[in-house]
Each structure stands twice: as C-alpha cells, then as structure tokens.
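Please go through this structure with me, point by point. The notes below are for someone who has not seen it before.

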Amino acid sequence: MENINEKFATIEKDLLAPVKWGKKSIIWMGFLMVTLVVCMFFYYQQIRNGLGVTGLNDFVSWGIYISNFVFFVAASLIGMLISSVLGLAGSKWIMPISRIAEIIAVSFAMVAGLIIISDMGRPDRLHHVFLHGRIQSPIIWDIAIVLTYVAVSVLLLYVPLIPDIALLSKKQNGLPRIQKWMYKILSLGWANHPNQYKLIKKYFKLLAVLIIPIALAIHTVTSWLFAMTLRAGWDSPIFGPYFVSGAFVAGCAAVTIGMYFFRTSYNLKSYITDYHFDKMGKLLVLVALVYVYFNINEIIVPAYKLKGGEAEHLKSMLFGHDALMFWLVQIGGLVLPFILLLFKKMRKPLPSLIISSVILLGAWFKRYLIVVPVQQHPYYPIQNVPDSFMHYTPTIAEIAITVASFVLFLIIATVLSKIFPIIPIWELKEEVKEQIQ
Amino acid sequence: MGNKEKGKQSRRKFLQNIGVAGVGAISAPAILFTACSSSSDKKTKVLTPDNKLIEIDSENGLAIDTTDKSYLNKIGREGIPGKKFVMVIDLGKCRNERKCMKACQSEHQLKPEQHHLNVLEMENPSSGQTYFMPKLCQHCDNPPCVTVCPVDATFKRQDGIVLVDNERCIGCRFCIAACPYSARTFNWTEPRDSEEYKDITYNMELNVPQKKGTVTKCAFSADRIREGKLPYCNSACPNGVYYFGDANEDLVTNGTTKETVRLSKLLKQNSAYTLMPELGTQPSVYYLPARENS
C-alpha cells in the first residue's frame, strides 16, 4: 500500500511539474507571438489590397491556402484514430499519448476554420454564409462539420481531463489566480467519487463513438470540395477514402513529432518510452501502406486510360512540370519512410522524429499536388492573359499567412499543454493500481 | 392525311405566333411603365403582367424608379418571364477581330486580363487547321457553378441566364473551380476605374460597378436584353458571328446583319454542337462548326 502511494506521488510530481509558466516556455510563447504579429501584418495587407497580394489568378484560383486547409483538416483526424478507434479496440499502449493526439487534433481543427477565412475574397461577408447559406453547397457542409468536429473534439479532450483539473486545482501552487479560478470552474465540483469515474468513462465512450463518423465526414466533405466538380483530376469517386487514408499518415507523423518534443522538453522520458515510439512506428507503417494502396488506384487507373482532360494533367505530374515535386513526395515522403520504419532501429525516438518530419513535410506538399496542378490544366486553353497566369507561384504574403496558421497551431498546442498535464494522471494511476493488484 | 397534317401544322404555327406575341407583350417589361398614349392628360393605359389593360393615373402609375437599388435587385434575380435566351456562334465567320471582347470589357468595367468573353485560338485535331472560338459563360441549364455556391450569389433565372450578385458573393471561388469552361473571372484587386464608378447604383444585370474580392462573368448582357436590344458583343461584331434570341420563340437575330432566322433550322442545317455535352451541363450557347476552306 505504501508502495502505491509512493508511486502515485512520483507520478503527480513528474506530470504536474510542466504545468507552470517557466522561463523557457515564456520565451517560446514570446517568439511565437512576435512571429504571429509579423505574419498578421501580411494578412492586413491582404485585407486592404485584396487577394491580389497572393500569386493566385483566374486559373489557379485555389492555392496554398486551400491545400494548407486540407493539410490541417487531415492532421486533425488523428485524435479520432488514436483515442477513439484504438481506444475502443482496447489498445492499452495509447493511454500516455492519447492526450497528445487529442491536443494536436483540437489545435489543427481550430486553425483549419480560420484558414478558410483567410482564403475568402470578402471575409467581411462571412455572415452571408449563415444568412443566405444554401444546403446544396459542399462549403456549407464543410463549415457545419468543421464546427461540429471542433466542438466534439474539445469535449473528447475535456471529459477525461476533469479529474486531472480537479487535482491541479487542489495541488498545484504558484499559478496565477485566474488560472486557479479557471481550474475550479472547469473541474465541475469533482469529488473523486467512484460514480463520477463511472460517468466519465461512460461519456468518454459515447464521445469516442460519436467522433468516428464526424471525423470521417469532415475529411470526406473536404475531399468533396474537389470531387464534386467536373474538373479532370478532381472528378474522382475515391477522393473521400483517399483523403481519409492520407490524413492518418499525416496525423501519425504529427503525433510522433509531438511525442518527441513533449518527452524531451517536459522530462517525460520514463512515461513516453521507446515502446511507444515503436508502436507508433508500426501504426505509421500500417496507415502508410493503406495510403500507398489508394495512391496506386488514384494514379494508375487514369494513367492507364489517359482519358481526354486527365491525360495532360497526369503527364505533367508524372514527367512534366510537377514531376520533381511529385516523385519527391511519393517516394521520399511516403514509400521510403515507411520502408525504413519496417526496421526496429528506425522506430527508436530520434530516427522516428526525423522520419516523421519528412513524412509530414511530404504530406503538406502532397496536398499542394492535389489542389494546384489540376487547375493549371483546364479543358480550354489559357490564352489572352499575362504569362504569370500560366503557372502559380505563391508570394511572400501568401507564405507568411500560411506560416501564421502553423504558428497559431503551435500557440494553441503550447497553451493547452502548459495548463493541463500532457499525460492523463488518473488513468496512469489506475493502470499502476491494476498492475500491482 | 397530308392535308390534315398541314392544317394541324399551320394551326400550331398560328397559335405559336399568337403565343409569341402574347409572351412578348407580357415579357417586355418596358410596357409596365411605358404607357400607351391616351387622349386624357392624366390617365394612362398600361398592360399588367396578367394581361389586363388598365387605366391608371399617369403621375402615380409611372412612379417606378428604374435606378432604385431594390428594384434593380428584384428584377435582376427574377429575370424576364416566358423567355429562354440562347446564343449561336458561327465559328466559320470569326476573323479574330476581337471587337466583341473590347465592347464587353468596356461595358463591364473589366481589366485587359479579365474576360467575360475570350476569343481562343483552337486547333482542329484531325485536320490541324486552326480556328477562332469566342468562349463565354455557357448559361448552362444544369449549371455546376450555381450548385456549389454557398450563399446564392450566383443563380439561374427563369429566362435561362446565370447571373452573379456581387453584393452577396463572399469570394470563395468555388464557382471558378466548378466551371469546366473557365468562364469566370475574379476581381483580385480594386476593379478598373473603381473611383469613377463608385457612386453608381449596382446593377446586377450589368454587374457594374465591379467589386474587389468578388467573382464576375458574362451576363448575356441581361441589361441590354431588358431594353429589347442584342448583347454588347453581338452588336459589336463586324463579321456576323453571333446570333441571339429566345428559344421559346425559336427565333434568333444576327448581331451584325440584324437578320432573324429560325433557331431550330439554323442549328439543324449547320450541325450545331455545344461545348463538352458529355459533362451534362446543357449549355445555352450553340456553336456552328468552322467549315474547311471557308
């Protein structure tokens, strides 16, 4: 019995330690804030001068804002895969990383909604969507499902946090009064009663089931922004599953990177261990294989037939203007990494970090390759316009606004991981208890 | 049998003509406010939309302000009842003089790179011969741009015209992505001569003044049609390329020669086609193929 109390004390000490604003975290937040302000200056320019500050034109009218939006939605699906699908299937190893996955999911999903606004020609008319919304437009479906997903993801993060928040409210000293007060409110009068635990588990299970169709819907609807058009290259019935399977690759890579950083900077080496990196590496191999399968279908089937409008687009992708990026992304960003991950040594923390970073970078450019090149090959020739309309190159302003979305993601993820314990304390305690008994 | 058929046909034709006249009378909205002259100074006879001739006070009855914004918005969205506008483009006659493009750009406040109407140089894949093809909004009967618009800023009117309300448009550009004909253009920056146009009341049918951050496209010159005139591009063409008219009347008028011909006959005799019919968009613009050595 004494043994268990000692263990609980260590767990609490280790996991509550990062929940404070140290010097390092203040500098990090300051850096993020300054970068955000600099990037927002470019957004101000875009508001003032119009979308003309971007490299977009009448032919490539969706550029890196939209591909970045797709990337953010994709990466946000991981919360559903890890906490919900694997959790419901009874995988025990996900427990210490489930909150990391949920925080990454919530942060990506929140920023995704803002990216869409940055792509609007008239953000001042955002309310028109609610005043004059038409149900047959996939954009309306997307807005509805993004809002739902953010709400359910926040709940999925919050419900299992309640016992930990109560603990923070009771035990954590040296925090600003407002933060203490916030914990008190958010803990909802938690009293460590067994019935309360029962309720929490029940609600979590309910949310975990609920989020599966919502997460599938959010990325399927995002894929429909393209698949519902008549454009050669987008007009594909497998876009939904193609996007969803790609989303898990990006999300697993993001979680692995997150695990590495939290483990090192929050001193959690004895909680997030080689074992967890090994498991994540294996999961990454599985989802990458599924994605490779969808890529084969999406590319080889039309490339075999070289039908009318699709031929030009595919030729430029496979050996033309976009070929270099295409092969780098497919081979360097997907095939090679998953082959490397087949080796046990490559699933150690540091190699995992490097491989996941390459995968995540590849995943971002993959979205670019899905969105942009198709528009450079419309059915009718591009004529009587300036040469700059022939190809699309993002401008500094556009890149800065895209960087802002990543900075905002990091700000949200940092704040969440600084005010809440990144590993579920009460679940860990339960596990320890079970092991001893 | 032959006689019977003939009789039937001529009767149908007669009815059709009456119908045409009736539809024409109702639809010409000018009649709503341009009154038939009457002997009395104060009374005016006008035809109502349900085809009744009534007398009203000329002072009160003519009080519709045709430059009023809510009035312009209302008629812009409703369209002209009983009509189904179509255009026929005779590719054999196009000499790439681009008078149509110039007229269009100057009327619609467009910059040189913005095209409601774009004359493309195309190549016949079998003979290798090139020809010029004016490409504009096809005013599809199954318009992919209208289905995807999240805010009803682009819409299909009862007379077949697809318009954009640039005071509603949020600039998401989904319609640009959805249009297989690349018929739409965007105001990426402040529109041309925006200072000059800033006090003008917005006319949806002309889509002027243009607004930064919104989509614009060919309107079949809906403002001109309302006045009973042919579209700007049609009138500007020196080569007789364009025909415009009402499919319900089965008549189209050539913009250059002003000659009116039967639409069905013109289409049939010249093996007319529409652009990419396999997409199922059902365009309202017909093309007459360029004939070899013509």
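How much area do chain A and chain B bury between them? About 3700 Å², with 57% of it on carbon and sulfur atoms. Buried area here is the accessible area (1.4 Å probe) that two parts lose on being put together, summed over both.

This is a predicted model, in which local features need pLDDT of at least 70 and side-chain atom pairs count only at pLDDT 80 or more, while totals for chains, interfaces and linings use all residues. Residues are numbered from 1 along each chain as its sequence is written, chains are lettered from A and ligands numbered from 1 in the order in which they are written, and side-chain values use heavy atoms, with hydrogens and water left out.

1. The interface by count. 41 residues of chain A are in contact with 49 residues of chain B. Contact means heavy atoms within 4.5 Å. There are 29 residue pairs in polar contact between chain A and chain B, both residues at pLDDT 80 or more. A polar contact is a pair of N or O atoms within 3.5 Å; within protein, one must be able to donate a hydrogen and the other to accept it, and residues adjacent in sequence count only if both atoms are side-chain atoms.

2. The chain A side. Elements giving two or more residues to the side that touches chain B are α2 (23-49), α6 (128-131) and α7 (138-158) of chain A. Helices (H or I, at least four residues) and strands (E, at least two) are DSSP runs, numbered from the N terminus. By class, this side of chain A has 20 nonpolar, 14 polar and seven charged residues. Ala, Val, Leu, Ile, Met, Phe, Trp, Tyr, Cys and Pro count as nonpolar; Asp, Glu, Lys and Arg count as charged; the others, Gly among them, count as polar.

3. Salt bridges. The rule finds two across the interface of chain A and chain B. It asks for a side-chain nitrogen of Lys or Arg within 4 Å of a carboxyl oxygen of Asp or Glu. A:Asp119 forms a salt bridge with B:Arg173. Their closest N and O atoms are 2.7 Å apart.

4. B:Ala177, facing the other chain. This residue lies in helix α7 (residues 174-178) of chain B. Leaving aside neighbours within four places in sequence, B:Ala177 is in contact with A:Trp62, A:Thr229, A:Arg231 and A:Trp234. B:Ala177 has a relative accessible area of 1%, so it counts as buried. Buried means under 20% relative accessible area, exposed over 50%, partly exposed in between (1.4 Å probe, protein chains only).

5. Chain B as a whole. Its secondary structure comes to eleven helices and 13 strands. Of the 294 residues in chain B, 51% are buried. Among its contacts with a separation of 6 or more, 58% join residues 24 or more positions apart.

6. A:Thr54. Look in the loop between α2 and α3 (64-76) of chain A. A:Thr54 is buried because its relative accessible area is 5%. A polar atom of its side chain lies 2.5 Å from the backbone oxygen of A:Leu51. The side chain of A:Thr54 also reaches the backbone nitrogen of A:Leu56, at 3.3 Å. Not counting residues up to four places away in sequence, A:Thr54 touches A:Gln46, A:Tyr65, A:Thr395 and A:Glu398.

7. A:Phe248. Its place is in helix α11 (residues 239-265) of chain A. The relative accessibility of A:Phe248 is 13%, so the residue counts as buried. Beyond four places in sequence, its contacts are A:Leu77, A:Ile78, A:Met80, A:Leu81 and A:Val287.

8. Backbone points to check. Most residues other than glycine have a negative phi, and most peptide bonds are trans. The peptide bond from B:Val208 to B:Pro209 is cis, with omega near 0 degrees. B:Pro209 lies in the loop between α8 and β9 of chain B. A:Asn384 has a positive phi, near 60 degrees. It sits in the loop between α15 (349-375) and α16 (396-419) of chain A. Phi of B:Lys258 is also positive, near 60 degrees. B:Lys258 is found in the loop between β11 (251-254) and β12 (260-262) of chain B. At 48% relative accessibility, B:Lys258 counts as partly exposed.
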